[in-house]
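Please look over the sequence and the model before reading on. The report below covers the interface, helix packing and backbone geometry.

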Amino acid sequence: MKISYNWLKEHLPLELPAAELAAHLSRLGFEVAGIARLGPAFTGVVAAKVASREKHPNADKLSICLVDDGSRTWNVVCGAPNVAEGQTVAFARIGAVLPGGFKIGKAKLRGVESEGMICSRAELGLPKDGDGIWVLGEGPALGADVLSLLGLADDVLDVEVASNRPDCLSHRGLARELAAYFRKPLKPLRLPLEETLGSYDLVRVEDGAACPFYSGRLIEGVKVGESPEWLKNRLEAVGLRPINNVVDITNFILHDVGHPLHAFDADRLAGGRIVVRRSKAGETLSALDHKSYDLPEGLLVVADAEKPVALAGVMGAEKSSVTAGTTRMILEGAYFIPTEVRRSSRKTRLRSDSSYRFERGADPEAAREAAARAAALILQLAGGRAAGACESSSPRAANPVVKTTVSRLNAILGAAFPSEQVRDALAAIAAESKGEADQLEFRAPSWRLDLATAFDLAEEVARLLGYENIPCRMAPLAPVAARTTPVEAASRRARSHLCALGLWEACNYDLLAEKTLTACRLPPEGPPRVADPLSEDWALLRPSLLPGLLKNAQHNLSRGADAVRLFEIGKTYARAGAGVTERWRAAGLLLGPLLDARWQAARASRAGFYDAKAVVEDLLARAGALGWARLGEPAAGRTPCDPLFHPTNSLRALLDGAPAATVGWLHPRAARAFDLEREGVVLFDADLESLAARAAPRARCAEFSALPVSRRDLALLVDKAVAYAQVEAVVRACAPADLQDFLLFDVYEGKGLPEGTKSLAVRLTFGRRDRTLTDAEIAQAVETAVAALARELGAKLRT
Amino acid sequence: MKREAPTSRAAWEQAYAQSESALRAADVERCADLPKLEEVRVRFLGRKGELTELLKALKNLSLDDRRTLGPLAQALKDSLDRQVSARRAELEDAYDAASLQKDAIDLTLPSLRPPRGRLHPLTTTLHEIACIFQFMGYSWEEGPFIEDERHNFSALNIPDDHPARDSHDTFYLQGLPLLLRTHTSTVQVRVMESSKPPLRVVCPGRVFRHEQIDATHSAVFHQVEGLVIDEGVGFADLKGHLQAFLQKLLGPSTQTRFRPSYFPFTEPSTEVDVKCFFCPGSGCPACKRTGWIEILGAGVVNPAVLSAVGYDPEKWSGFAFGIGVERVAMLLHGVQDLRDFYSNDLRFLAQFDEDLV
């Protein structure tokens with residue numbers, strides 16, 4: 001909210017510089033987002049008298065003046081034709097700064113020294129008023145600063161008022177708050193109103209609960225016209241555009257005392273009367289903002305005999321508003337219940353300065369006085385005669401008394417404010433405050449709707465006595481073993497593993513576009529949808545972390561990266577019956593060289609399936625028995641993001657037989673959609689919650705054998721279709737317990753081998769803890785293994 | 001060339017003279033290489049070397065001869081020993097120098113970095129914040145991101161028609177009575193519903209606001225919520241805990257300022273500022289020329305919130321706070337545009353490498 005410092009001073013005499021006022025407001029809980037200096041941007045210009053004028057010896061159009069600024073006289077060369085002896089003028093002394101940063105210094109004009117400048121209005125950035133220099137007229141003391149002399153300067157503070165303090169949404173409201181803070185009295189508000197027309201029965205309120213107070217006052221014979229300068233200046237200072245005197249006065253009152261008013265053209269009200277009622281089906285309002293609104297049934301409206309002429313407390317109709325031709329008007333001063341105005345505003349999506357105040361809570365008791373003040377101003381500025389107000393009011397209970405104690409307030413604050421200070425602070429804001437010793441009885445004034453409990457009063461005391469006067473307390477803290485959640489523990493483990501494997505953590509939004517899902521071959525019907533998305537790009541809650549990561553890969557490749565290894569830990573969402581499930585997952589992708597070793601090409605291998613498989617093994621290690629299944633096999637089950645994976649070159653990782661993660665190539669069609677087809681992207685996606693549910697046991701150290709082990713290498717020739725895992729399984733199944741390790745060290749297909757076969761070179765490591773194995777024992781074990789391989793897989797030894 | 005061991009003085013002297021001249025000819029000090037030097041050493045000093053033999057042959061001579069000739073032979077042997085050792089050292093140094101020279105590589109070629117991961121700056125910042133509180137005995141709690149009206153609003157003293165809802169522009173789900181939580185304060189409610197006081201919890205996580213994204217606003221961001229419920233807890237405890245936290249996060253000399261503010265779920269409420277750590281209080285863009293940086297919001301738990309979860313507000317009291325993780329990360333790392341955190345641009349992420357896990 002914009003607050004003009006000059007305007008504020010009309011309610012409370014304050015001498016502080018604006019910046020200091022802002023600091024005090026901040027201590028009171030009103031943040032000042034900025035201070036704008038209004039008015040012409042010049043300094044150092046004073047009132048001075050032209051003591052004499054002579055013609056310039058070397059120039060026809062110039063004159064030489066002696067100018068008296070009260071301290072001495074100055075020799076000034078002036079080019080204006082209207083300069084004359086005896087005038088009081090605006091004189092820019094040496095050192096003055098004029099608009100545009102133009103600094104006044106000594107200058108020689110056609111050989112004559114000039115010690116300053118006599119200014120025109122235009123040179124001071126003021127609206128032009130005739131040609132030549134600005135003649136101030138009699139009155140100003142010589143040497144007086146022109147800016148302050150004319151009240152031209154103002155500071156406009158942009159004050160943030162929290163939603164619980166609607167009473168401070170005006171100059172008087174904020175002045176009232178500052179008056180309590182500085183313990184200074186407010187200036188009284190007085191503007192007597194002469195009622196010369198008698199009273200008319202103009203108003204009927206059908207819903208007294210929604211509109212507890214309504215006053216309508218007829219004013220006849222008004223002359224609608226331009227507002228005087230002072231009023232226009234006030235409105236412009238707070239960012240409002242002057243319209244006409246009557247409308248400007250209602251706006252002025254809104255920002256002056258905070259109560260919204262409305263002026264109707266009485267001749268444009270059917271029946272010349274006002275009814276406050278509920279809207280009926282099919283009614284519309286063509287509002288002052290030049291838009292038409294369909295009114296849902298049941299909103300509180302102000303109507304004439306036929307139709308709504310205002311959405312109560314929100315906005316009036318264009319047709320019945322006060323315009324240049326208006327002579328008879330009805331001035332509305334009303335109090336509408338906040339929830340009613342809020343509902344109307346929300347249903348019509350129509351907001352105004354008026355609705356902003358009513359829905360936060362206007363002062364229920366202020367409408368009468370605000371309307372009377374406006375009426376008096378109208379008579380003053382637009383003429384006419386006022387009738388008595390026609391009022392409809394429902395009785396309203398005063399704010400309740402809050403009973404508490406000083407010690408309770410101090411306990412809430414953890415402070416030790418003396419009783420007198422607390423009492424004094426509360427008295428400054430109370431309608432009524434009393435109590436003996438520790439006891440406090442407090443009744444809030446009608447404009448304070450936020451003071452109902454001891455906690456509310458504690459905040460008032462803290463604000464008025466200073467938050468900085470409450471101590472910082474570290475009460476003896478009972479040592480507690482802080483817990484963490486299993487998912488968080490699992491996330492941390494996963495992060496440390498993934499970082500150790502060289503992946504970088506990414507962080508994507510939870511919302512994504514339908515087209516991103518489609519590009520990933522994922523069905524857009526699956527994930528939950530946001531009702532009113534910010535844009536197409538934010539329509540759906542992500543069913544998987546992978547689409548975001550793929551976009552990241554695309555982004556980075558397009559910006560010159562050649563290797564991308566990213567992971568993300570985050571939530572994924574799915575519809576589930578009438579609700580939504582959310583689940584923590586850890587996913588990632590790898591593409592490009594694993595080692596940044598361009599100049600050693602031999603070491604710069606590109607990430608492939610087996611690298612991603614290692615990541616998954618690492619993530620799942622020790623959480624349970626790790627198994628694998630191909631996508632499509634029953635054991636693999638199905639997950640929502642399976643379509644993103646290459647159908648054959650992908651695997652499901654199982655923990656104790658249950659699906660826990662997926663690893664594989666990106667599906668070629670998705671790769672095409674993301675311009676990644678030439679990159680060879682491998683992906684993984686793990687269910688973090690199933691990892692969290694199986695907290696890995698603490699590592700236990702086992703003794704290892706000091707005895708030497710024996711290694712035997714076998715080169716096996718098998719059919720191409722035989723999977724490596726089958727070979728390992730057969731060997732492990734038949735091998736004695738002495739087989740310690742099974743290692744594949746070469747895979748070869750091609751030249752030198754029979755068509756349709758491949759060679760697997762494996763190393764078997766044998767050893768025992770208690771003794772060294774004999775050659776015969778090892779030979780026996782190898783022979784058994786070779787026989788089993790031949791029998792079950794048709795494997796032959798290559799020689 | 002095998003010699004007979006001399007048995008007479010004359011024969012011995014002759015043999016000695018021969019050896020001496022042979023030695024001179026061998027020129028040990030300029031011997032070309034290690035194998036030649038070894039050859040010389042074996043010839044004269046080996047187990048059957050000429051000098052070794054001469055010394056042995058002394059035993060065939062008279063005692064007088066031995067007394068005069070012995071030292072002579074010994075001196076020659078010692079001198080040769082020294083010459084051989086010295087020459088060997090020279091030759092070895094030369095040999096090493098040559099081979100070290102031959103092995104030289106270009107040490108200025110770029111290093112070969114093993115791939116090394118990085119944590120996202122929001123993760124490290126969130127952990128840094130939460131860990132300080134965990135050391136202060138706050139347990140880590142989480143809640144769902146998708147919430148209902150009760151947990152996000154009404155149980156936090158934000159009834160349906162409350163204007164405070166305006167500042168929480170909310171994403172609602174299509175066709176479901178659910179929303180994306182607008183603050184982590186929802187977890188306060190969930191924790192209080194499921195546990196008995198006293199409580200000391202920190203609740204980090206993502207929150208969502210229906211607002212356009214720009215350099216300082218995000219529709220998705222992270223908060224760390226804190227809640228303490230105990231007997232006799234007041235605003236002073238809030239000040240103490242948060243000051244301790246800020247001094248741990250930003251340094252022990254950090255100055256704090258508590259300003260009144262408004263949140264429906266706390267009363268009294270406060271906005272906490274720290275003295276600008278970029279300028280000496282004179283004002284800079286980071287502190288919007290005020291000398292202070294707003295860093296978090298907090299307050300004494302509104303008794304209406306306690307009542308909503310069935311806690312007795314006469315017995316229990318507490319305080320709560322909320323910290324914007326992005327804001328802290330921007331301040332700590334000098335990030336100018338909030339969107340950078342979600343760009344996942346490697347050039348951005350590459351700059352955060354001080355913490356791994």
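In which strand of chain B does B:P268 lie? B:P268 lies in strand β7 of chain B, residues 266-275. This is a predicted model.

## Backbone geometry

Most peptide bonds are trans, and most residues other than glycine have a negative phi. The peptide bond from B:E267 to B:P268 is cis. Its omega is near -5°.

B:P198 sits in a loop of chain B, between α7 (185-194) and β4 (199-208).

A:R622 is not a glycine, yet its phi is positive, near 70°. The loop between α16 (609-620) and β33 (626-630) of chain A holds A:R622.

## The interface of chains A and B

How many residues of chain B are in contact with chain A? The number is 91, and they touch 91 residues of chain A. The area buried between the two chains is about 7,500 Å². Carbon and sulfur atoms give 58% of that area. Three residues, B:L112, B:P260 and B:L346, supply 9% of the area that chain B buries against chain A. That is more than any other three residues supply.

Five salt bridges are counted between chain B and chain A. One pairs the side chains of A:D510 and B:R206, at 2.4 Å from N to O. On the side of chain B that touches chain A, helix α8 (residues 235-250) of chain B gives the largest share, eight residues. By class, that side of chain B has 45 nonpolar, 24 polar and 22 charged residues.

## Helix packing in chain B

Helix α5 (residues 121-135) and helix α10 (residues 325-333) of chain B meet with their axes within 9 Å. They cross at roughly 105°. The two helices, α5(B) and α10(B), are therefore roughly perpendicular to each other.

From α5(B), the contact uses B:L122, B:T125, B:L126, B:E128 and B:I129. From α10(B), it uses B:V325, B:E326, B:V328, B:A329, B:L332 and B:H333. Seven residues in this contact are nonpolar, two are polar and two are charged.

## Helix packing in chain A

At what angle do helix α10 (residues 406-413) and helix α12 (residues 454-465) of chain A pack? The angle is about 75°, and the axes are 9 Å apart. That makes α10(A) roughly perpendicular to α12(A).

On α10(A), the contact residues are A:R408, A:L409, A:I412 and A:L413. On α12(A), they are A:A454, A:F455, A:L457, A:A458, A:V461 and A:A462. The contact of α10(A) with α12(A) has nine nonpolar residues, no polar residues and one charged residue.

Methods
Residues numbered from 1 in each chain as written. Chains lettered and ligands numbered in written order. Predicted model: local features only at pLDDT ≥ 70, side-chain atom pairs only at ≥ 80, totals over all residues. Heavy atoms only, no water. Contact = heavy atoms within 4.5 Å. Buried area = accessible area lost by both parts, 1.4 Å probe. Salt bridge = Lys/Arg side-chain N within 4 Å of Asp/Glu carboxyl O. Helix = DSSP H or I, 4+ residues; strand = E, 2+ residues; numbered from the N terminus. Nonpolar A, V, L, I, M, F, W, Y, C, P; charged D, E, K, R; others polar. Axes fitted to C-alpha atoms, helices over the stretch in contact; angles between N-to-C directions. Parallel < 35°, antiparallel > 145°, perpendicular 65-115°, else oblique.
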